[in-house]
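Dear colleague,

I am handing over the structure below, and I would be grateful if you could look through it alongside the notes that follow.

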Amino acid sequence: MKSIRKIDAIPKLNGSWKFLDDYSYEEMIHGQLLYSTCHHGTIKKIHFPDGYNLSEFTVVSAANIPGENIVPEPVCDQPYMADKEVFHFGQVIMGIAHPNRKLLREFIRKIKIEYEELPAIIDIKECLENEDNVFGKELIIDHRTGRKPDPNWIHHHKIYYTPHQEQAYLEPQGMIAVWQPKEKIMFVRATCQCPFFVKEGVETIMGSAIKEAVIETSEGIGGAFGGKEDFPSLLAGITSLLSYKSGKPVKIVLEREDDIQITTKRHPARIEIETWTDPETRKIMKIYIDYRLDAGAYQTLSPVVLARGVLHAISGYSIPDAYIRGRLFRSNTPSNGAFRGFGAPQAFAAMEAHVESIAADMNINPYKFRRKNIFRIGNEFPTTQPILENNLSDCLERVIEKSNYLQKLEEFKEWNKTHKDKKGIGISIGYHGGGYTGNGEKVLNSEVKVVIEKDATVKIYVANTDMGQGAHTTLAQMFFEAIDHPREKCLVQLPNTSKTPNSGPTVASRTIYIIGNLLRRFALKIKDELGFENLDDYVSSNQNEFPREFRMKFVQDPSVVFDEENYVGVAYKDYSWAACVTEIYFHADTYQIELTKSWNVIDIGKVVNQKIAVGQAEGGILQGLAYGLCEFFYKAGYGRMHGFSDYALPTTMDLPEIDVEFIHTDSPIAKGLGEIPMDFPAPSVRNAFHNATGIFIDEYPLVPERIFKSLTADERR
Amino acid sequence: MKIKFILNENEVSIDVDPMKRLLDILREDFGLTGTKEGCGEGECGACTVLLDGKPVTSCLVNAVHIDGKEVMTSEGIAQEPLGKLLIDCFDETNAVQCGFCFPGFLVTSYHYLITDGEKNPDKIKKALSGNICRCTGYQKIFESVMLACERKPLISTDQVN
Ligand code: FES
Ligand code: FES
């Protein structure tokens, strides 16, 4: 629980920590992507502007690819660059490089592409309502009992929608490729989450033209949130090709406008829920969920997002009879991808709204209704995975108590009677399975390496990146705390694929949970093997043994057995749990929701570094609240947003007081923290708005325009 | 165009395209890469510097605008006693996450500290509202600036001047 300071904070503050754009190489030139502005069509002709010396430019397109034109992904269906047909706005057609960045920009802006336009689906609802757009494999969790609903069970049937969400990492996507022809090595400096994904990406596009790709991250990775999981593979591929062709180091840093328009986002969803609730016992007896995601033009990693979505779709309720289906829908928009939460925020958005509607309809207190139905020991997930702890209900009880929820419900009810503005309070719960889904961690087979130097310095080699979450501080802390070694003698090295073993990607809340716990066991194992009490003493009296390298692999717990065909079994070994209560103040004249306070109780097991954990939770919670409140990326009639000027990110002025408490911290394991703060808060905003006004809005975000429409629609009724 | 200006307390001059952005002048011509480009459209504040003592987004300021003026970047502020105080407070609270926004926050908070410095959450929120941070949820940033306001009197005034 020690809150040691971060190793990188001071250099980040005084500007000496290097982010991608802060690196430069001799003779380096600049690259940029030329992408489609047509949603679907065949390319007829590309006109380069007059007045430029074309020989100064390096241009690469699909025709120049020595390897394969398919980005490696869970489903490999997306080309690096379009050949003749483009399937979405933002699809890359060419990479172009020039020594002068300004001139390059100007040149690219003047390029004209003639298309023969074909029919395209760009509207989210048009995509998700039409079953003809389904592509890829349907996932089904079938936990039906075959029992017919009793005639007195109350039926509820609703459809919920969630929008895109932009990761908005503050450092745009960027890549530098340095071709080394003598060694036939493509060196790539990347701002990314997954150096080994980037390596595979470069080696796929370059094929036998190179011997190997070596990826090293920049010192600083300016935020990622899932957005730097798979897009960097594509970007690195094209940057490498430009370096290969020009023979010069090439740097591409996306302009914010390009970044926001062409990179992956959170999948918009349409989630239809039907439930049957027994009015006597107040238990939900039967549920049917139809979970749909707009994947964009290609599947890429959407099937994995879909898997997590259906596995979290029921929220935290034990429902004896459940049927959940998940499907991907195709549209002519850039492929959606990973974003903190990975399918779970959509699931909770729908189910946490749904239970609120049932409770309202049956005139039951929303907390008491949740309490009746919440997971307890002895229940199971729809996949039959047994629930082994009551920690979710502990989170709920604690947050109700500390927020004074029950009393405030009454107070606000009174206050609202005499005021035009309204006060509201809302609950939501959530959880997140740690690590890769199902058998994923077995397949990943992660390995870590440690080198102990002659001066007893411990160098830790992991492929997991520190993109702000403090991973490199916390991972080192888990190692040195286990063997009581001085902090300054234990350092995580900058990930580099030629030195670092593959400990897997920095995703799925797995860094501390899988790799951190592995490092802790590893430290104890080394201590045991060498038989030391104090590493410093041991090294100084056994100098000839050092430097020495140690390696260890992750072994999955044998209880994790998951049938990926039928979606039966243990999908995740450990879950983080959370509950939230949010208070709002609704300004009746401006239709604006002001967040006033948000209480959050989270179980992530052992907390390694209290301040880092609280900070990460606060950031995720604000992203979550903003997902429900103000962020949207596509608007019918307007199209997609263009940058930070029209994509509404929360600022300091939107910030409520955020209270975070971790419970069950005496647990021996540190569970996942990265994603859960994003998963659960958003529905509390919507439920608080319902509490304030009596109106349900089943679509995020709750912007004034949407509120105005529902209020006036309600008055007309 | 030849321009002269004061950069982090040193007089400098440079021959430059009058429309070149101050952000690029700092990063490319002076190697001061602490000033970051987050959006290039004046929205995120990652590129904030002080121009004649006032915070500006350097992605929207051109070379012509700085001739004869005084520019202070995060690197310069990091050398000042109150800058050091702020850095220590940000560090102590573990406020810094990815850090890309922080040089901008350092500049804006420094400006607040020298022009006002009252330990008042509403004033601080307002002062920092032009800077976007996507990682922290801002709470730890406030805590840090509040802490700096509290500790400011401990920094001797002649050090400040
Ligand atoms: S880069 Fe200047 S405000 Fe964002
Ligand atoms: S710390 Fe990452 S944007 Fe602020």
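**Salt bridges in the model**

In this predicted model, Glu212(A) pairs with Lys199(A) in a salt bridge whose closest N and O atoms are 3.2 Å apart, a salt bridge being a side-chain nitrogen of Lys or Arg within 4 Å of a carboxyl oxygen of Asp or Glu. Because Glu212(A) lies in strand S11 (residues 212–217) of chain A and Lys199(A) in helix H4 (residues 195–206) of chain A, the pair ties together parts that are 13 residues apart in sequence; helices (H or I, at least four residues) and strands (E, at least two) are DSSP runs, numbered from the N terminus. Lys199(A) is buried at a relative accessible area of 14%, whereas Glu212(A), at 24%, is partly exposed (buried means under 20% relative accessible area, exposed over 50%, partly exposed in between, with a 1.4 Å probe and protein chains only).

Asp8(A) and Lys12(A) also form a salt bridge, with 2.9 Å between the closest N and O atoms, and both of these residues are buried. In chain B, Lys20(B) meets Glu28(B) at 3.1 Å, N to O, and Glu28(B) is exposed, with a relative accessible area of 52%. Salt bridges with shared partners also link Asp21(A), Asp22(A), Arg101(A), Lys251(A), Arg27(B) and Lys36(B) into one network. Over all chains, the count comes to 65 salt bridges.

Residues are numbered from 1 along each chain as its sequence is written, and chains are lettered from A and ligands numbered from 1 in the order in which they are written. Local features need pLDDT of at least 70, side-chain atom pairs count only at pLDDT 80 or more, and totals for chains, interfaces and linings use all residues, while side-chain values use heavy atoms, with hydrogens and water left out.
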